[in-house]
Amino acid sequence: MEANLKRAKSGDLKVSVHRMEIERIRYVLSSYLRCRLVKIEKFFPHVLEKEKSRAEGEPSILSPEEFAFAKEYMANTETYLKNVALKHMPPNLQKVSLLKSVPKPNLDSFVFLRVLERQENILVEPETDEQREYTIDLEQGSQHLIRYRTIAPLVASGAVQLI
Amino acid sequence: MAGERAAGLVRELHRAAGGHLPPFRVEELRQALEEMRALYEQNQADVSEAKAGRTDLIFLIRFRHCCLLRNQRCILAYLYDRLLRIRALRWEYGSVLPNTIQFHMSAEEVRCLRDYGEFEIDDGTTVLLKKNSQHITGPACKAPCTHCKLSAWLRTAVQLCLISYQDAADKQS
């Protein structure tokens with residue numbers, strides 16, 4: 001699009017439209033990347049743990065730069081806590097597990113989704129002891145409100161789309 | 001009362017609502033750490049006595065250990081929450097925080113923020129390269145930039161509407 005801009009005559013109306021579109025795309029992209037960074041910051045021990053425990057063939061959930069960012073963020077936080085407080089504490093309390101202290105993401109929160117490919121027999125786990133697990137079918141094009149944990153693998157495979 | 005100072009730190013932070021950053025309480029932190037040290041030393045002395053036969057001290061030892069754990073939790077929560085607030089302020093204000101806020105930060109916090117700024121710039125510049133943009137300013141001005149970009153977008157959108165109306169009016173006449 002920027003190449004097109006260079007070719008067009010100045011004062012052409014198309015130039016303004018192109019420019020607006022480029023700005024819009026830029027804004028959306030930077031929002032997306034910023035949102036990812038915020039999530040990494042919020043759940044950094046769990047993100048790094050998941051990255052460490054993923055199998056060899058599976059694709060990474062982080063880009064190389066994001067991975068470096070997460071590792072440095074963790075090192076930065078640990079160094080800070082150690083230097084300000086932990087090293088002044090009694091010897092048996094000088095370690096803290098960030099994995100246990102930092103809150104985990106809530107995978108049981110409810111999300112809206114739209115079904116792109118028809119799915120059959122999705123197992124829904126019971127929330128309380130009185131309920132029992134049951135299966136549902138997801139029709140193509142339908143929209144649902146469901147717990148994230150139930151449909152997490154479908155989001156990864158692209159069969160459903162979160163709204 | 002054991003754990004009062006550490007809990008006091010957390011309470012002050014809890015009362016400062018809206019992401020506001022109160023001054024760093026060095027003295028209270030030092031006193032809380034000193035209290036932990038004293039508790040630990042008392043426990044050490046009692047553990048050797050308990051091993052020698054005085055089993056009635058075990059409850060006291062456990063109580064002191066609980067106090068130590070609580071102090072550790074409160075202190076770490078205080079420090080970590082301050083870090084979170086500083087980082088949120090950095091996303092809002094950009095790479096240079098106002099002096100009034102910097103005044104409330106400890107030296108380690110300032111260093112931590114500088115390191116954070118550095119690797120955020122590294123990631124931020126890759127962010128910018130991915131967008132293939134021509135910005136020279138760092139990610140620091142991302143937030144205000146998007147605001148003014150959005151308003152610029154709206155302005156040009158309005159202009160465009162007016163131009164198209166003008167064109168339509170010209171064609172009719």
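Me: How many helices and strands does chain B have?

Reply: The model is a predicted one. In it, chain B has six helices and zero strands. Read from the N terminus, the order of its elements is α-α-α-α-α-α.

Me: What share of the residues in chain B is buried, and what does that word require?

Reply: Of the 173 residues in chain B, 40% are buried. The word requires a relative accessible area under 20%.

Me: What share of the contacts in chain B with a separation of 6 or more comes from residues 24 or more positions apart?

Reply: Such residues account for 62% of those contacts in chain B.

Me: Why is Cys67(B) called buried?

Reply: The relative accessible area of Cys67(B) is 11%, and buried means under 20%, so Cys67(B) is buried. This residue is placed in helix H3 of chain B.

Me: Which residues are in contact with Cys67(B), leaving aside its neighbours within four places in sequence?

Reply: They are Ala2(B) and Leu39(B). Contact here requires heavy atoms within 4.5 Å. As for Glu35(B), it is 32 residues from Cys67(B) in sequence, and the two C-alpha atoms are 9.7 Å apart in space.

Me: What makes Thr77(A) a buried residue?

Reply: Thr77(A) has a relative accessible area of 0%. Because the cut-off is under 20%, Thr77(A) counts as buried. Thr77(A) belongs to helix H4 of chain A, residues 64-84.

Me: Which residues does Thr77(A) contact, leaving aside its neighbours within four places in sequence?

Reply: Thr77(A) is in contact with Phe44(A) and also with Tyr80(B), Leu83(B) and Arg87(B). Between Thr77(A) and Leu98(A) there are 9.6 Å in space, C-alpha to C-alpha, and 21 residues in sequence.

Me: How is chain A divided into domains, and how far apart are their C-alpha centres?

Reply: The domain assignment gives domain 1 as 1-103 and domain 2 as 110-162 of chain A. The C-alpha centres of these two domains lie 28 Å apart.

Me: What does UniProt place on chain A at residues 13-84, and what is the secondary structure there?

Reply: An unreviewed UniProt entry annotates residues 13-84 of chain A as "domain: GINS subunit". Over that stretch chain A is 85% helix and 0% strand, with end C-alpha atoms 59 Å apart.

Me: What does UniProt place at residues 105-163 of chain A?

Reply: The feature, again from an unreviewed entry, is "domain: DNA replication complex GINS protein SLD5 C-terminal". Residues 105-163 of chain A are 17% helix and 42% strand, and their end C-alpha atoms are 19 Å apart.

Me: Where is Ser142(A), and which residues does it touch, not counting those up to four places away in sequence?

Reply: Ser142(A) is in the loop between strand E3 (134-138) and strand E4 (143-147) of chain A. Ser142(A) touches Leu113(A), Arg114(A) and Val115(A).

Me: How do you know which parts of chain A line the largest pocket?

Reply: A lining residue has an atom within 4 Å of a pocket point. The largest pocket has 25 lining residues, and nearest its centre lie Lys39(A), Lys50(A), Pro105(A), Leu107(A) and Tyr148(A). Helix H2 (13-42), helix H3 (44-53) and helix H6 (148-157) of chain A each give two or more residues to this lining. The largest share, six residues, comes from H6(A). Domain 1 and domain 2 of chain A each supply at least three lining residues. The space in the largest pocket is about 1300 Å³.

Me: What kinds of residue make up the lining of the largest pocket?

Reply: The lining divides into 16 nonpolar, three polar and six charged residues.

Me: Which residues lie nearest the centre of the second largest pocket?

Reply: They are Ser101(A), Arg73(B), Leu76(B), Ala77(B) and Tyr80(B), out of 13 lining residues. Helix H5 (98-101) of chain A and helix H3 (58-93) of chain B each give two or more residues to this lining. H3(B) gives the largest share, seven residues. The second largest pocket has a volume of about 340 Å³, and its lining holds nine nonpolar, two polar and two charged residues.

How values were computed: Residues numbered from 1 in each chain as written. Chains lettered and ligands numbered in written order. Predicted model: local features only at pLDDT ≥ 70, side-chain atom pairs only at ≥ 80, totals over all residues. Heavy atoms only, no water. Domains from an automatic or database assignment. 1 Å grid on protein atoms, 1.4 Å probe; cavity = no way out; pocket = protein on both sides within 12 Å on 5 of 7 lines; lining within 4 Å. Points joined across faces, edges and corners; volume = space filled by probe spheres on them. Nonpolar A, V, L, I, M, F, W, Y, C, P; charged D, E, K, R; others polar. UniProt positions renumbered as here; feature names shortened; annotations may be inferred. Buried < 20%, exposed > 50% of the residue type's maximum accessible area, 1.4 Å probe, protein only.
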